[in-house]
Amino acid sequence: MKISIIGAGAIGGNLARRLSEAGHDVLAADARGPEVVAADVVAAGVRPVELDQAVSDRDVIVLAIPFSVQPKLAELLTTAPAETIVVDTSNYYPGMMGPVEAVDNGAVESVWSQERLGRPVVKAWNAALVETQRERALPAGSPGRIAIPVAADSQEQRRTVMTLVDATGFDPLDAGVLAESWRQQPGTPAYCTELGVDDLREALAAADKDTRAQTRDRIMAHLMTLDSEPTREEKVAHNRASTR
């Protein structure tokens, strides 16, 4: 497939590299310019391009950028083909990027993004730590393979992105329509807890919409009190304990 990754940070770079290694034609773009795409990503066959080049004649565009920045790409995305799939990998943390009133009042994050981008989006790759995505990828069928939820209103688009999740080293789980994607956002049992398919399905079902924002903020407050960066294992353990 012809795939563009917009955002050359840790998650965008990792996705670009893995999808290129899986045989896809991958472009990487960033608002700071193509020169910020990491050398190891380029070495994997990814081609750095300007933003306008990243939306032309692409099957899939993955937005690996902060949640609150996404609406700035609405005009750019009008130049992408109507059939191009747009993927949202972001998470909303008001303490880090400022509050979004609609989301704080109950709007589902990716539904809010979809409305502002002016086109359908698929929610994927948001519910795994960057360290998990970089270090825990495994071939299909491997014991202990971690699952990643994928939500979208279009079943066809959901299935397409699920094949790409598999290509990046994780078991894809059909998480239903976009209105239910709050179940894979911060503060829920499915978020960054490194679960297999069956356990992840149960975690999505157990999510509590009324308490997830408080749980999200409590987890972030705990992280801010630490003297050093916790390990991936410590983050996962704390997320699991905080969302039971």
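## Strand pairing

In this predicted model, strand β2 (residues 25-29) runs parallel to β3, and two bridges join them. Strands here are DSSP E runs of at least two residues and helices are H or I runs of at least four, both numbered from the N terminus. Two strands pair if DSSP finds at least two bridges between them. A28 stands opposite P48 in β3. β1 and β2 also run parallel, joined by five bridges. There, I3 stands opposite V26 in β2. β2 is mostly covered, with four of its five residues buried. Buried means under 20% relative accessible area, exposed over 50%, and partly exposed in between (1.4 Å probe, protein chains only).

## Numbering and confidence

Residues are numbered from 1 along each chain as its sequence is written, and side-chain values use heavy atoms, without hydrogens or water. Because the model is predicted, local features need pLDDT of at least 70 and side-chain atom pairs count only at pLDDT 80 or more, while totals for chains, interfaces and linings use all residues.

## Helices on the sheet

Contact means heavy atoms within 4.5 Å.

## Largest pocket

The largest pocket has a volume of about 980 Å³. A pocket is an open set of points on a 1 Å grid over the protein atoms alone, where a 1.4 Å probe fits, with protein on both sides within 12 Å along at least five of seven lines; lining residues have an atom within 4 Å of a point. Grid points are joined across faces, edges and corners, and the volume is the space filled by probe spheres set on them.

The lining holds 45 residues, of which I11, N91, Y93, M96 and Y191 lie nearest the centre. α1, α5 (94-97), α8 (130-135), α11 (212-224) and α12 (232-242) each supply at least two lining residues. α11 gives the most, with four. The lining divides into 27 nonpolar, eleven polar and seven charged residues. Ala, Val, Leu, Ile, Met, Phe, Trp, Tyr, Cys and Pro count as nonpolar, Asp, Glu, Lys and Arg as charged, and the others, Gly among them, as polar.

## Second largest pocket

The second largest pocket has a volume of about 160 Å³. Its lining residues include Y92, D104, K209 and R216. α6 (101-104) and α11 are the elements that give two or more residues. α11 gives the most, with three. The lining splits into four nonpolar, one polar and six charged residues.

## Two residues

R216 lies in helix α11. At 8% relative accessibility, R216 counts as buried. R216 touches Y92, Y93, P94, P186 and G187, leaving aside residues up to four places away in sequence.

Q155 is in helix α9 (residues 155-167). Q155 counts as partly exposed, at 43% relative accessibility. Q155 and V177 are 22 residues apart in sequence and 8.3 Å apart in space, C-alpha to C-alpha.
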